[in-house]
Amino acid sequence: MLMGLLSGLLVSAVPSAGDVAPDFTAKDTDGKSVTLSQMVKDGTVIVAFFPKAFTGG
Amino acid sequence: MDDAETLKKFKSELKAPYSFVADPEGKIVSQYDLKMPVVAMAKRYSFVVGPDRKIIKVQSGSDAVDPSEAIAACPVTKKKEG
């Protein structure tokens, strides 16, 4: 646990500009499967993460 | 890291024209290393992803609330949230 915390502090794995975004496949709220590597073929994609639904911002 | 049902309600309340992807187990959140300590929530981040999944722009925290800069960084505008 401590080692995990320390390595997390030393090596942040949050992707930055110029990196290749990690690919993922997931179901959207309509049950449709979406895959990042497929979506970027149709145009630029904004992948946005937020802490929780129904919160401000 | 909301479940699909909650996100569905959130999407319809916002009348959001883009997709919402549920990640209740935080798999995608882990891939991007965005897990908050202790609580089961993701940090607020936006990534503008171009061809070949190359990241064009990253915004975080309060900078990521207003999407206009991220949208401005897109050659073609498409949106999705997860």
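Which residue in the turn of the hairpin formed by strand 2 and strand 3 of chain B has a positive phi? That residue is B:Asp52, with a phi of about 60°. The model described here is predicted, and its scores are ipTM 0.84 and pTM 0.82.

**Confidence**
- Chain A has an average pLDDT of 82, and 75% of its residues score at least 70.
- For chain B the average pLDDT is 86, with 91% of the residues at 70 or above, that is, scoring at least 70.
- Within chain A, the element with the lowest mean pLDDT is helix 1 (residues 2-10), at 54, while helix 2 of chain A has the highest, at 94.
- Where pLDDT is low, predicted coordinates should not be read in detail.

**Layout of chain A**
- Chain A contains 2 helices and 3 strands.
- Along the sequence, the elements of chain A come in the pattern α-β-β-α-β.
- Of the 57 residues in chain A, 23% are buried.

- Strand 2 of chain B pairs with strand 3 of chain B (residues 55-60) in the antiparallel sense, over 5 bridges.

**Pairing across the chains**
- Strand 2 of chain B is also joined to strand 3 of chain A (residues 45-49) by 5 bridges, and these two strands run antiparallel.
- A:Phe49 has B:Tyr45 as its bridge partner in strand 2 of chain B.
- A:Val47 stands opposite B:Phe47 in strand 2 of chain B.

**Contact between the chains**
- The contact involves 36 residues of chain A and 48 residues of chain B.
- On the side of chain A that touches chain B, at least two residues each come from strand 1 (25-27), helix 2 (36-39) and strand 3 of chain A.
- Strand 3 gives the most to this side of chain A, with 5 residues.
- Sorted by class, the side of chain A that touches chain B holds 22 nonpolar, 8 polar and 6 charged residues.

**Nonpolar core**
- The largest nonpolar core has 22 residues, and those that touch the most other members are A:Val47, A:Phe49, B:Val29, B:Phe47 and B:Val49.
- Two or more residues of this core are given by each of strand 3 of chain A, helix 2 (27-31) of chain B and strand 2 of chain B.
- Strand 3 of chain A supplies the largest share of the core, 5 residues.
- Apart from neighbours within four places in sequence, B:Val49 is in contact with A:Ala21, A:Leu36, A:Val40, A:Thr44, A:Val45 and A:Val47 in chain A, and with B:Ile55 and B:Ile56 in chain B.

Conventions
Residues numbered from 1 in each chain as written. Chains lettered and ligands numbered in written order. Predicted model: local features only at pLDDT ≥ 70, side-chain atom pairs only at ≥ 80, totals over all residues. Pairing = 2+ DSSP bridges. Helix = DSSP H or I, 4+ residues; strand = E, 2+ residues; numbered from the N terminus. Contact = placed C-beta atoms within 7 Å. Nonpolar A, V, L, I, M, F, W, Y, C, P; charged D, E, K, R; others polar. Buried ≥ 20, exposed ≤ 12 C-beta atoms within 10 Å, placed from the backbone. Core = buried A, V, L, I, M, F, W, Y, C linked by C-beta atoms within 7 Å. pLDDT = per-residue confidence, 0-100.
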